[in-house]
Amino acid sequence: MRETRTAMAAWHLQHSRPECLVSYFDPWQPVARQLDLLASRFGAVKALCDAERDSLATEDDALAQLRDSLAFHLLRACVWWQVDFSPRAVTGLSAPNFMAHAHRHTARHVDDETLLDVMTWQHYMHRADSGHIMVTGTDPLYRGNTTIVYGIDGHRGFRFAMQRPGQPLAWNDITHADFIAASLNARALHCLIETECAAIGEWDQAREEHIQAARHHARHFHIVGQADPVARYARALEQFSQCQSRFGRFAFENIVNHMAFAVAHAAHEQGLSLAELLHQGDGHPVNPNMVDSLKRRAHAHVTTGTDPLRQAELVAMLNRVETGFAFSGGR
């Protein structure tokens, strides 16, 4: 057992570092997958640390630091994308105990300590001052001679600035609730500055569709187990069908897949077939194509929206859920 834990610890130290799990400045990385990775790996690494403590072994300092780092980045990610976060619901820890892990990380990393303060209490900021901005990074995907710089201001809002070589930063006046909103606005302006691109309507549409997607992102940790999963799936599917921008379709496809997984999970919990649960949802006739589409989307969520370490368990659960049609793949 000790050898197994040691091997697992070595694996996590190599593969579960936050910089390998999350891309804060790339809005094209699925939010659901990154949140699931951070939450899952925090739980796994914490369990290894707890096992060491329970066996009276000396705690592996590197593993403990990784646990604390994952706690900080889980909190940062939820602020970054404006996701509702309850430490007890997501990690099983009380808020003070969870924050103790995050604070142990920031005590070792001054930049992260400053960032945590800016995102929360703002002891070091000119609180409520929109002109006092902490620079958080630059856009890695921009093209041309104008750099996009991002920051968080005294209202805890996300801001962006444009910078040309040899010129000072010019911060945009608009404050955004989450990073993706700031990024989409920044890229729209960057597009105009650099290319006078005719596709500005695509960016406008993307920003509108992100507003809708952000409401689902906010409830990421509530989606599985929430009431009326069928109605929520149908509503998300309708929103997806109306998306016109490439970014909107990308975001909503991931959301719809997550909602489909929630429906399948509810069917599993209630001991119903998918057809039975869908029929209960709105009373309309259910056909095999609808059910098969939903199950394919649920499987797609597992593949693209969850931690690979959990996928075998989740696929096994989905495979146990009957479709309700004998001629639909035997399930």
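Guide: Welcome! In this predicted model, local features need pLDDT of at least 70 and side-chain atom pairs count only at pLDDT 80 or more, while totals for chains, interfaces and linings use all residues. Residues are numbered from 1 along each chain as its sequence is written, and side-chain values use heavy atoms, leaving out hydrogens and water.

Visitor: Why is α8 called largely enclosed by the rest of the structure?

Guide: Buried means under 20% relative accessible area, exposed over 50%, and partly exposed in between (1.4 Å probe, protein chains only). In α8, 12 of the 17 residues are buried, so the helix is largely enclosed. Among them are F179, I180, L184 and C191.

Visitor: How do you know that the span of helix α8 agrees with what it should be?

Guide: The expected span is 1.5 Å times one less than the number of residues. For the 17 residues of α8 (residues 179-195) that gives 24 Å, and the end C-alpha atoms are 24 Å apart, so the two agree.

Visitor: What makes Q34 buried?

Guide: Q34, in helix α3 (residues 31-54), has a relative accessible area of 3%. The cut-off is under 20%, so Q34 is buried.

Visitor: Why are α6 and α7 called oblique to each other?

Guide: Angles under 35 degrees count as roughly parallel, over 145 as roughly antiparallel, 65 to 115 as roughly perpendicular and the rest as oblique. Helix α6 (residues 95-108) and helix α7 (residues 110-119) pack at about 130°, and they are therefore oblique.

Terms used: Helix = DSSP H or I, 4+ residues; strand = E, 2+ residues; numbered from the N terminus. Axes fitted to C-alpha atoms, helices over the stretch in contact; angles between N-to-C directions.
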